[in-house]
Every structure is written in structure tokens, then in C-alpha cells.
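Please open the structure in your viewer and keep the selection tool at hand. The stops below are meant to be visited in order.

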Amino acid sequence: MSNTADPVSYLDYQGRHKGILGWILSTDHKRIGILYMISMLSFFGVGVILGLLMRIELLMPGMTIVTPRVYNSLFTLHGMIMIFLFIIPGLPAVFGNFFLPLQIGAEDVAFPRLNLASWWIYMLGAAVALTSLFVGGGAPDTGWTFYVPYSVRSGTNVTLAVTGAFILGFSSILTGINFITTIHRLRAPGMSFTRMPLFVWTLYSTAWIQILATPVLAITLLLVIAERTLGLGLFDPAKGGDPILYQHLFWIYSHPAVYIMILPGMGVVSEIIPTFARKDIFGYKAIAISSLLIAFVGYLVWGHHMFTSGISDTARWIFSLLTFLVAIPSGIKIFNWVATLYKGSIDLRPPFLFTLTFIFLFSIGGLTGLVTGALATDVHVHDTYFVVGHFHYVMFGGTGMAFLAALLYWWPKMFGIMYNEKWIWRSWAFIFVGFNMLYFPMLIQGWMGHPRRYYDYVPRFHATHIVATVGSWVLVTGLLIFAITLFRSFKSRVPAPSNPWGGRTLEWTTTSPPPLLNFTQIPTVTRGPYEPAPTPTGGETS
Amino acid sequence: MSVQAASPATHHKDHTGARIGMWLFLFTEILLFGGLFLLYSVYRSTFPEDFHYAATHLDTLVGTANTLILLTSSLTVVLAIAALRRNNRKLCTIMLSVTILAGLLFMVNKYFEWHHKFDIGLYPNSKELLRRAPGENLFYGLYFAMTGIHALHVIIGLGVLSVMLWIVAHKPKKTITVGPLQSDRLSLVEDQRGAVWTHEGEGEIAEAVVTLVYKSNEEINDDTWSKLENSGLYWHLVDVIWIFLFPLLYLIT
């Protein structure tokens, strides 16, 4: 609430530059977070439209609206945009940037200028990747994995797209370095590692994966460019090379990247659950350490993407075993969340609703992950729609829902306004129904043997394709209602109190929206992140 | 003392943080090359004879010379940092220049080495290479990829060091006027940072009020030193990677 004693919020603060320059040249972590949010949601919108087009194409067997070439480009771009531009950087770059310093009681990140540079590099990478659509041989058609040998031989604009992904990797690495240094150097007095909010713990684990895995992708992509331009032959069997090695190098990054995508989502869930259960989190240390464990074990399981690529039985056996190990820390999280809810005073508000949706959908994604992680069943469902369904349950049902939950949870803090909760409930109904209509049929189709990435299909899959396509329309309707509701909050401008949900972490102790340097006075921390403040009334801090 | 309280040394820069960030960045660089080392080890174990034979054609003399040059440049960059720490800007400038010259010499050698390879028809996708055994093609593919990306890092390092050289050599001494101050506190002539405090104005020190002029290498001492140290770390990385490339490519024959 604005009263005369409040300092100027970061939204109103007049810095060196005015207007749009005050944003795109600002080193304030909060403004950079918003910049990321606007750019990412735009790219997300493009990705959604590409997905919609794909679904319409699959509505009828044979050609419906596009040619096979265009269809190949559609799924490649859908994957590239959603993965490299939205879901990998998504939560850390938007909410990590905005709330990491707030949650540890810092004024900004450790390297504010580097932070701004990361956004510019991100935009440059996005621009290069999107340019590949329009120039030269046309949009890439290799799938987002850029598998050799096709990515070397394809006449489409693979080189430019790969360069874009390479540049995006830089942005990711620099953000990771920034966050780790921030967490080590800028915690407020009393904010020990075991008093850090769990979202910060997941950002910390994520940042380490970003640093340790992204360079491997960088060199792999550089080699693809070198193959295309110079013909080194490192992945070309005709010249002595081995294409399987490409797959190894690619997945050494891209599997840990899956945990870059999901870990911050789990962090968001760990924030929201104690707030809306009105309880301290159950098993704080177990959840915190399980994030590090997921990051560590997740680094060692890349081989499970290659069960049918022709690697040795020993390797397959070991990778399968390690894959199952990831289920342990993931299970630790789920059980501790549920235990937190037990005997809590549950307040079913929109952020919490999307959090519960996360747990439900992510559990389906996780369990289907066990099916694909087991050798015997994976050989059956490999490269089928089952994998597509599994992946979307984990990524959209997991990270995507966590992203929406985070938006709802922190929207009042970011902009100082409340949204219309009733309409969010309505949008949720569409999203939930549409989501399951869209992706559950894929699990069935895959189980029946429908290969993924196919342009055409046999008639017996027609019914499930119709359900999925109609589901995609319902889902997009829900997303539109969601977006419009949030947009309308700018018009109605219902002011948000500094702590609308009764959260106990540090970001709720400052004004909504926060002032430029976050706190009028750097806080001193004397308790765990979700413990109630020791007030005589026993109520939450306000 | 009020003289120190008035001094402008109110830096909020976190040099430890900067160093942590630099080290993390160096990790990523090592992992970048890690991918190439992985390819090297797999292909070496697949084609041991071909790799063995192909390696005999690399010029060990040039490789050794370049190793010595890079190692020496790592020494000089350390000396430059030490000189700056002792506030000896001249020595620092000289040592940085020597480092940059050594880096350039390395690149010149590299140029002639590559040029020679191209002359005898050894370049990526050349007819000569494709005619040879597959392992030899892979060896040269890795040779060009590894030394090429390393050379790129040398060039980046040279750029960074050149900027640092410009900063150290050109940044003027910072002059700040403090005061007026009471004359009875003018006991300090040189403080721990090596900053020189002089008095300016007509009067003698004995007079009641003078204006102090603070001449210092402030920027050089704190920020610049931290930046130079981090640039030096990067240069060491370039050196360390070469130390692994040299035996893998030139010596194991």
C-alpha cells in the first residue's frame, strides 16, 4: 500500500535514462526480471502458435494445412523456441532475477551490469535463432536436438539456428555465475545457508548445472557449425567420425538442462505450499539437499536418451539404474510437500491451485518417466508419442504450471496490484481440462506405437488426434483468459498490500512493489525462512 | 583521523566476489575444452595407430617454442600483477607489454605452422586428408579444432590484456581536493595505500586553514588491480589448456 512514508518503488524510480531506455539499460535486477518476462512470454506466445498449427495439421490424416517440409520446421521451431528461449531460462531469469536478491536480503545481484548484458545476449541469441526462419534455405527442420548426420546435411538454415543456441548458452552461463556469486557473497546478516528460502536453494543448484553443463553444449554446437562449414568429419562415419558421439555430447548438456528447467519450478512450489498451508515447511533440509542431489545425479543419466542408439548393454544398464536414482530426491520433495499440507490450515487461493496442479501433472510426468527410464519398456515407447506426452507433462505440467503459479504468487509483489481471482479460477478450469485432453491421448497413442514427429498417420489414431487437437484449443482458451485477467489488473489497479498471502520470506517484508534498493534497511535474519515471526499474537508478519 | 574520514575511498566493489565469478567462468572454459578432450580420447583409443602416425608430422620444435613462449608470458603477467600491487606502474606496463608481445609471437608461430599444413594439402575436408586413413583425418580435424579454438582464446586474452595495458598506462592520477582542514592535523604525508597528501594554497602549514589535495592511484590500486588479476587468471587458463594440448597433439608419437 502506498503511503507517504514509503520509498519510491522501482517502477517509478527515475534513473539516468527515461522511458524505454530506463528499462533496457537498467541494471536493476527487478527491471531486468521484467524485461526477461516480457521477452519470454512473447516467445512463449510464438511457440504456442506453432504448437497450435501442428495440432491443426494433425487433425486429419494426410495434408491438412501445411506441407511435410513446413511441418518439420514447425516442430523444430516449436521445440527450439520453447526449450531454448522459454523453459530453460524461464524461471531463473524472470523470477530468479527478481526474487533472489529480495529473498536473501540483498540490494541487487553480485554483477548488475553482467546481468543486463545477459539479457542483451539472450535477445541477440533469440534474434539470430529467429532470423534463421526467414533467410537462406528456410527454417531448420532437424528437430530441436540437431542430430547428426541430418543436421550436417540439411539444406535449411541449421547453421544460423545453432549459432543462436550457442549465443543463448552464453547468457545462461553468465546468469549462473552471477547467481552463485550472489548467493555466496550477498546474503543479509544472519541469512545462513540453512535459512535460505528453498527457491534460492533450487536457483543455486540450477546455477551450478548451468555452469557445468552449458559449455559442453557450446562446444558441441560449435562442432556442428564446423562440420557444416569446414567439413572436419568428426561426426561423419565416411571420414572416420562417429555420430553417436554427437548424441553423447548433446545429452551431456541436454539432460542436465531438463533439471535446469524443473528445479526452479520445484523451488516455487516449495515457496507457495508453506504460505498457503500456514505452516513451516516439513523437512526443510531434506528438500534443500534433494535439489543438490537432483542436480548431481541428473548430470550422470544422459545415456537414457540413447537406449536405442546402439550403446553397450553395460552402459544401458548403468544409465537406467542412475535414472531410477533421480526418482529418490524427486520423491523426497513430493512427500515433504504433502507432509507440509498435512494438518495445515489450507487456503485454496489461485497460486496454490496451480501448485496443486503442478504436483498432480508432474507426478504423471514423473511416473511416465519411469516407464521411459526402464530399459525393457523404453525400447517399446522410444521415439513415440509416449515420450512427447511424458515430456509435456513434465515440462508444461511441471515447469509451465510452476511458472503460472509463480506469476500469480508474486504478481502483487512485482507490480503492487491484485488480479481478479475468480477469472483465474475459470482460466484454470480450461487449462486443466485442455491440458489433459491434449497430452493424455499422446501417452495412449505412443503406447499403441504411434511414432513422434510423423506428418501423417494411420486411421486408427484419428480419434485420439481429434481429442488432442480439440484439447489444444481448450488449453489455449484457458491461457488467453489467464493472460487477459492479468492484463486487466493493470487497468483496475486494485492495490496490493505488502504481504497479501501471509508469506514469511523476506520479499514480503518490503513494500509492493519494492523500492529501488529493495529494503529501506538491510534486514537481519534470526529464523528459518518459513517459521512464523515471533509476535505476541502469533500472526504472520505484516 | 578526520583526514582519512574525508578520503574518497568509499568503494563498494566486492573483489572477492569478482574473483569467485572469474573462477566459475574458468570452470566453464575448461568444460568447453572438455568436450574436445572427450572426442580426442575416444578417437585416440579407436584409431591408436593412425593418431600415432599423424602426430609424427607435427612440428615439435615450433610446438616446444610456443610452449616456452606461453609459459614465459604467464610469468610476466604475474610479475605485472605483483608490480601493480607495489604501485609500480612503469614495471607493470613493461611486463604487460612483454606478455602481449609473447602472445603475438605465439600467434605468428601458429600462423606459419598452419600455413605450412595448408601448403602440403592438410586442411579440413582436403583431398589429401580424405585420401589418408580415417584416424588421420580425425587427428587433423581435432588438431585444427583444438588449436583453433585455443588460438581464439589467445586472441581474446590479448584483447583483454591490451585493454588492461591501456588502463594501467593511461589512467591519470586521480586528484581530489579535500578540505579546508585544520592545519594541526597535517601529520599524514603518505597513507598506507601510497597516496600522497599535499597541501595547496598560499599559506604555510602553520596557518589555520589549508586545502588538501589528494593525489592517488586510487583507481589503479583497487579496481584495476582486481581487474588485472582476473585478466591474469584468464591468461593462465589459456596457458594451462595449451599445456594439455601440447603433449596430446605433439609429443605422444
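Begin by selecting Pro513(A), which is located in the segment after β2 (494–495) of chain A. Helices (H or I, at least four residues) and strands (E, at least two) are DSSP runs, numbered from the N terminus. The peptide bond between Ser512(A) and Pro513(A) is cis, with omega about -10°.

Before going further, please note that this is a predicted model, in which local features need pLDDT of at least 70 and side-chain atom pairs count only at pLDDT 80 or more, while totals for chains, interfaces and linings use all residues. Residues are numbered from 1 along each chain as its sequence is written, chains are lettered from A and ligands numbered from 1 in the order in which they are written, and side-chain values use heavy atoms, with hydrogens and water left out.

**From Pro513(A) to Ser9(A)**

Next, select Ser9(A), in the segment before α1 (21–24) of chain A. Contact here means heavy atoms within 4.5 Å. Setting aside neighbours within four places in sequence, Ser9(A) is in contact with Pro513(A), Pro514(A), Pro515(A) and Leu516(A). Is Ser9(A) buried or exposed? Ser9(A) counts as buried, because its relative accessibility is 9%. The term buried stands for under 20% relative accessible area, exposed for over 50%, and partly exposed for values in between (1.4 Å probe, protein chains only).

Move to Val148(A) and Pro149(A), which are joined by a cis peptide bond with omega of about 0°. Pro149(A) belongs to the loop between α5 (112–131) and α6 (150–153) of chain A. As background, most residues other than glycine have a negative phi, and most peptide bonds are trans.

**Ile173(A) and its contacts**

Select Ile173(A) in helix α7 (residues 158–185) of chain A. With a relative accessible area of 8%, Ile173(A) is buried. Which residues does Ile173(A) touch, not counting residues up to four places away in sequence? They are Gln210(A), Ile211(A), Thr214(A), Pro215(A) and, from chain B, Thr28(B).

**Helices α4 and α9 of chain A**

Now display helix α4 (residues 90–104) and helix α9 (residues 243–277) of chain A, which pack at an angle of about 45° with their axes 11 Å apart. Axes are lines fitted to C-alpha atoms, for helices over the stretch in contact, and angles run from 0 to 180 degrees between N-to-C directions. The angle makes α4(A) oblique to α9(A). Angles under 35 degrees count as roughly parallel, over 145 as roughly antiparallel, 65 to 115 as roughly perpendicular and the rest as oblique. On the α4(A) side the contact is made by Leu91(A), Pro92(A) and Gln103(A), and on the α9(A) side by Pro264(A), Gly265(A), Val268(A) and Glu271(A).

Continue to Arg278(A), in the loop between α9 and α10 (284–298) of chain A. Arg278(A) is not a glycine, yet its phi is positive, at about 55°. Its relative accessible area of 27% makes Arg278(A) partly exposed.

**Helix α16 of chain A**

Select helix α16 (residues 462–492) of chain A, whose 31 residues reach 45 Å from the first C-alpha to the last, close to the 45 Å expected at 1.5 Å a residue. The expected span is 1.5 Å times one less than the number of residues. Within helix α16 of chain A lies Arg488(A), which counts as exposed at 58% relative accessibility. The C-alpha atoms of Arg488(A) and Gly164(A) are separated by 35 Å, and the two residues are 324 residues apart along the chain. Just after α16(A), Arg493(A) has a positive phi of about 45°.

**Chain B**

Finally, show chain B, which has eight helices and three strands. From the N terminus, its elements run α-α-α-α-α-α-α-β-β-β-α. Of the 253 residues in chain B, 47% are buried.

Select helix α5 (residues 89–119) and helix α7 (residues 134–170) of chain B, packed at an angle of about 155° with their axes 10 Å apart. These two helices, α5(B) and α7(B), are therefore roughly antiparallel to each other.

The last stop is Asn125(B), in the loop between α5 and α6 (127–131) of chain B. Asn125(B) has a positive phi near 65° and counts as partly exposed at 35% relative accessibility.
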